[in-house]
Each structure stands twice: as structure tokens, then as C-alpha cells.
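Me: I am new to this structure. Please walk me through how to read its features.

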Amino acid sequence: MKLIRISFFITLIAFIISGCDKEKEPKKNEPLPEKTPALRLTFNPKFNGRDLEFNKMKYITTGGDTLNVQRVQMILSNFELIKTNGETVKLDTFAYLNLAENRNQVNIDQEIPEGEYKGIRFMVGLDSAINHGDPMRWGKNHPLNPIVNNMHWGWQGGYIFWVCEGYFMNNGNSNEIFSFHMATLKYLKNIEIQTSNTFSLGNNKKAARDIDVNIDKYFSIPATYSLKLNGAVSHSSSPDEDLRMDVLYGNMDNTFELK
Amino acid sequence: MVGKSNTIGFIVLLFISIYGCQRDNSADYVFAPTPYQFPERKNGYPIYEPNTDNPLTEEGIALGRYLFYDPILSGDSTQRCADCHKQENAFADPKRFSIGISGAQGRRNGMALFNLMWHPEFFWDGRASTLREQVVVPIEDPKEMNSSMSEVLKKLNRSTFYRRLFYNAFGKHIITQDLYAKAMEQFLFTLISFNSEYDKFFRGEPTSFSEAAFRGLTLFNKEPQLGGADCFHCHGNIHLGSFKMVNNGLDETHNSDLGYAETTGKDYDQGKFKVVSLRNIALTAPYMHDGRFATLEEVIDFYAQGVHANSPNIDPQMDQIPKGLNLTTQQKSDLIEFLKSFTDSEFVNNPNFSNPFD
């Protein structure tokens, strides 16, 4: 009888404790599996056809400079897909890429007409209305939010469209900064890249394609650029700087390659 | 007789069990939170995006404010968050290094607190990726409040005052670390500072923005090769700070403090520290992660002539600055006038942010 009473007391106390603890935090939900987009474009930094390693002073350009690339960043817009029959499909996509930090994918998940596709067009930069619109209207994770991309010029208005920065060995054999910031509508760049490796989209078909970003070609094709001779800095903000940017702007036609 | 006393014992125990669990349902315990109304967003300013799992309420904010000003969070109940983050200094620490409850001194300057909703990382070295992570660290740091979250939660759960406030804010009787962090987040998210003379000038409103400040603005936004001071690459957005981790060339080597590399473990992050907002900068001395500069004049002199060009991992956006800025005395003075225009007097005097125990 005594044993029964003790058991009853213990049960009651256990009930009290567990009753008071009923508000323990629920377990966190497991993360949902990532949804595969209709089209995934992966931008891969390259130098002479091989994966570019950031923060390594080891790349030699045609112009004779030894480089350590720190950053390659870009804002992309006005994407279009090109069908094998030449028709184009506009995409409602903006992208901010920061290749040194592995932010290198553009995921397109809108409805795409069924067909066989051979190419992609996009703009490096933004058209005037968006470039000079209110930069803070974008949500905190949007590619055009200046805190996300750190590529807005603030007071002066507009975004930097393309950044290529790092160090090079100067004539004194010590590290010197190179910094190219392509900006302003003058340097809005249209890119069209095609591949013989066509891909099917639409009707629930999904595809993934790699796009090489060839930093060696950025400094060499068609115009050979020497940091030591031509200058290591341009912010697209003065006539002198524009002379440098004009060359590199031209080279961007050969910088991107659809695989 | 034994049977009768047992029966009374059961009844008392049942009474305790029922009221022990429901004691928080008295008249003071009302869970009907009032949604917080943010100030009107103006063109050019960021949109308000509190976390969806923690909508701001008047009750949650009030609770966070009490916690911020309450020494209950420290190991010996003597130190408050507000002791190192003073409202008159835009919630920065005017001491070079903060002193903890044990008398120990930290190694970095206490950061200013405002516009935190838009920060991607916290601390000088970005070691907290959310504000909710951040608000736990000083409690558990032996050089700061030298306590533990379990101790703090015990104290909070023993307090009828806080049990009621937590219930009214979150509808929960048991105070957890998650609820503590959410309350702090709510209060800290309301520390919004966008009403300096610079902002009024930017918005075209009546302002005392001076001609000297305007000349400083021009220098601020111009590159060195064009005769400017090139501040805007890191401080050009509406926050007047990119919040990125960079090495601005403070030191020739990074042995004394590895900075961001302590978070990432990467050699190339050595010497990198968070780019802070320049808002309220005239109130937040001393400057840099280690508070080495006591005045804005010292800071300008550093950028003009003291940047270490060969500092490992110096940020390429420092660009031409390491070669030296050719700023005249007048230009330096103009720059400082511009920096002073970032002071938001309304913010540092806002009674909604002051000590609620006063």
C-alpha cells in the first residue's frame, strides 16, 4: 500500500513537471530540397582554359603582366534565349555574380516555350530606368540591392556593371593594385554567346549550361592590354580612364563562352 | 488519520499542479501584441524587412528595451548592454576597449548600433551571421558579461516581471534563448537612424548642411587621381558603409589581430574588418576596430598619408589611396564638416531608445 502511494506521488510530480514543460521549442524544420530550375547557368572563371584560382599571383597575360585576381563581379540583365531557328525568348531575370565568392549561378525558373535552344543573350549592366531608379527599393536578397552586390555608386547614381580587381607585379617587382570598374550607360555591354551543344527546354524539360568567363581573353582578345603600359585603374569616370575602359570593353565580346 | 492527511496532501499537490502551470494566466498576462508601425520609408532608403518569424510588436520591442538596459544579463548582475553601447554615442562605446564585469579588457572597440536590420553580418570580424546570434555572444564572453545563457534564462524565468513581459510579447510562459534573442532583435531593429542633416540635404528638405560640407561631399565622392578622397567606394551607399569585410591598409602585418580570418580560417582574410557605416561618425570615436584613432582628423590623416600599400590582402578598392591623397588642410576640414553632417540628433535623443527603468 505504501509502495502504491509513493508511486502515485512520483507519477503526480512527474505530471507536474512535464505539464509545466509543455512549451518547449518545436524541432526546427528540415530544409526543403532545392528546386531544380528550368535553366541553370553556371559562370566559371577561367584563365587560359583552366579554372582560375583567386588570390594567387601566378597568371601571366599576353601583355606580360603577372596577375593575382581578387574579384570578378558583374550585374546581368535582359536575358534572352535563342532557339536554333533564330527565334528569341525574353527572360525576366536579373543576376549579380561574385565569382571569387562562388556566387556564380543564374537560375531561371519561368515558363519557357518548348524548343531547341542554341544560345543566350544578356546585358552586362542595366538599362537607364533601372540603373538610375531607386536602388533601395529592392528586397534584402535581391541581386540589385546595393548591400547584396556592393556595386552601386550611391550619390553619383547608377551601378557598376562589371568589376575586375586584383594585384599585379609592377616594374619594381612589388604588388600593385589593378582595378577596373565598368559603369555608365556608355559601357552597357550586350553579350551573345552560342553553342553547337544545343539544349531542349519547355514542357518540363530542364537544362544546365556552363559559361566560361575567360579573364585571359579580357586582357588580350582582340586587343592586348598591359597593366604596366596602359594603366591599372579605370572607373569609367574620366576621359583618360575611358581610353583604358574602351579597350577592355571591346575585349568583353570574347570574355564569355557558352559551353 | 494517516489516510486523511494523505487525502489533504493529494488535494494540495493537485492545487499546486494546476496553479503551478496556470499561474501566468492572471490579468496581467495578456497575449494580444500590437504590430509595430515602422516610420514611413522615403525614396532612396531601404525597405523594412524584419524576419518573417519575428514580426515586430510594441510588446516585443518594449521587452527587448528592458533587457538591453538590465544588468540581469551579466554574470554578477552589474553590467548592462547599454554600459558599452551608449545612446549619446549612437550606441557605440566611447572607451577604446570595453571593460567586462571581471575587469578584463576586450581587444576591439564596441560597435555602434543602428540600422541593424540591413547588416549581413555582425561584429568586426563577421562571426555572427544574424543579430540573434550576436546578442548571445557578449553574455557568454568571459571578457564581457561573463555569464551563460542557461544562467540568464534561469534568472529571467525566476522573474515575475520578465515572465509577464515575455508572455505578453510571445504568448509563452517559459523563457527560452530563442525568445530572448527575438526580443532583443525587435528592440535593436527599431534603432533606425536616417535623419541627419545629410539626409535632409539628400531629400531636398530644409537643412543646415553647410557649404564646407558640400565641398566635403564632392571630395568624398571623387577618386584620388581626380583630386578626391575616394571615400565612396566603401562608404557610398545610403548606409554610408558597405558592411563588407576589407583590409584598408591599417597595418603592415596582421599578427596582432587576424580579423575576418578568425571567422573564415582563410589566410587571404587576414587583416580584414567590417566596413562600418559613417552615420553618426562624429559621435562614435574612437575609430577603427581597435579604436586606435581618437579623432576624425587622425582618421583623415591616416587615409591621406598612412595607408600601408604592402599590407597583405589590402583591398583593391583602396585603389590609388595607398599612393597618398594630396589633400590640403582646407580640404581635410571640409571632409570633416561633411562627416559631421551624418549626425542624427533626433536618433541619439529619441526617448523611445532610452533607459526604460529611469
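Me: Which residues are buried in helix 2 of chain B?
Reply: First, some ground rules. This is a predicted model, where local features need pLDDT of at least 70, side-chain atom pairs count only at pLDDT 80 or more, and totals for chains, interfaces and linings use all residues. Residues are numbered from 1 along each chain as its sequence is written, chains are lettered from A and ligands numbered from 1 in the order in which they are written, and side-chain values use heavy atoms, leaving out hydrogens and water. Buried means under 20% relative accessible area, exposed over 50%, partly exposed in between (1.4 Å probe, protein chains only). Helices (H or I, at least four residues) and strands (E, at least two) are DSSP runs, numbered from the N terminus. In helix 2 of chain B, the buried residues are B:Gly60, B:Ile61, B:Leu63, B:Gly64, B:Arg65, B:Leu67 and B:Phe68.

Me: What covers the buried residues of helix 2 of chain B?
Reply: The cover includes helix 3 (81-84), helix 6, helix 7 and helix 8 of chain B. Contact here means heavy atoms within 4.5 Å.

Me: How many residues of helix 7 of chain B are buried?
Reply: In helix 7 of chain B, 8 of 11 residues are buried. Among them are B:Tyr162, B:Leu165 and B:Phe170. The cover over the buried residues of helix 7 includes helix 2 (58-68), helix 6 and helix 8 (177-189) of chain B.

Me: What caps the N-terminal end of helix 7 of chain B?
Reply: B:Ser159 does, with a side-chain oxygen 3.3 Å from the backbone nitrogen of B:Phe161. After helix 7 comes B:Gly171, with a positive phi near 70°.

Me: At what angle do helix 6 and helix 7 of chain B pack?
Reply: Two packed helices are described by the angle between their axes and the distance between the axes. Axes are lines fitted to C-alpha atoms, for helices over the stretch in contact, and angles run from 0 to 180 degrees between N-to-C directions. Helix 6 (residues 149-158) and helix 7 (residues 160-170) of chain B pack at about 90°, with axes 5 Å apart. Helix 6 and helix 7 of chain B are therefore roughly perpendicular; that label covers 65 to 115 degrees, with under 35 roughly parallel, over 145 roughly antiparallel and the rest oblique. Helix 6 brings B:Leu156, B:Asn157 and B:Arg158 to the contact, and helix 7 brings B:Thr160, B:Tyr162, B:Arg163 and B:Phe166.

Me: How many residues does the largest nonpolar core have?
Reply: In soluble globular proteins, nonpolar side chains tend to be buried together. A nonpolar core is a set of buried Ala, Val, Leu, Ile, Met, Phe, Trp, Tyr and Cys residues joined through side-chain atoms within 4.5 Å. The largest one has 102 residues, and A:Phe43, A:Trp162 and A:Phe219 are among those with the most contacts inside it. Strand 4 of chain A gives this core its largest share, 8 residues. A second, separate core has 53 residues, including B:Tyr45 and B:Phe122.

Me: Which peptide bonds are cis?
Reply: Most residues other than glycine have a negative phi, and most peptide bonds are trans. A cis bond joins A:Ile221 and A:Pro222, with omega about 0°. Another runs from B:Ala285 to B:Pro286, with omega near 0°.

Me: Is A:Asn48 buried or exposed?
Reply: A:Asn48 counts as exposed, at 54% relative accessibility. The phi of A:Asn48 is positive, about 50°, although this residue is not a glycine.

Key:
A polar contact is a pair of N or O atoms within 3.5 Å; within protein, one must be able to donate a hydrogen and the other to accept it, and residues adjacent in sequence count only if both atoms are side-chain atoms.
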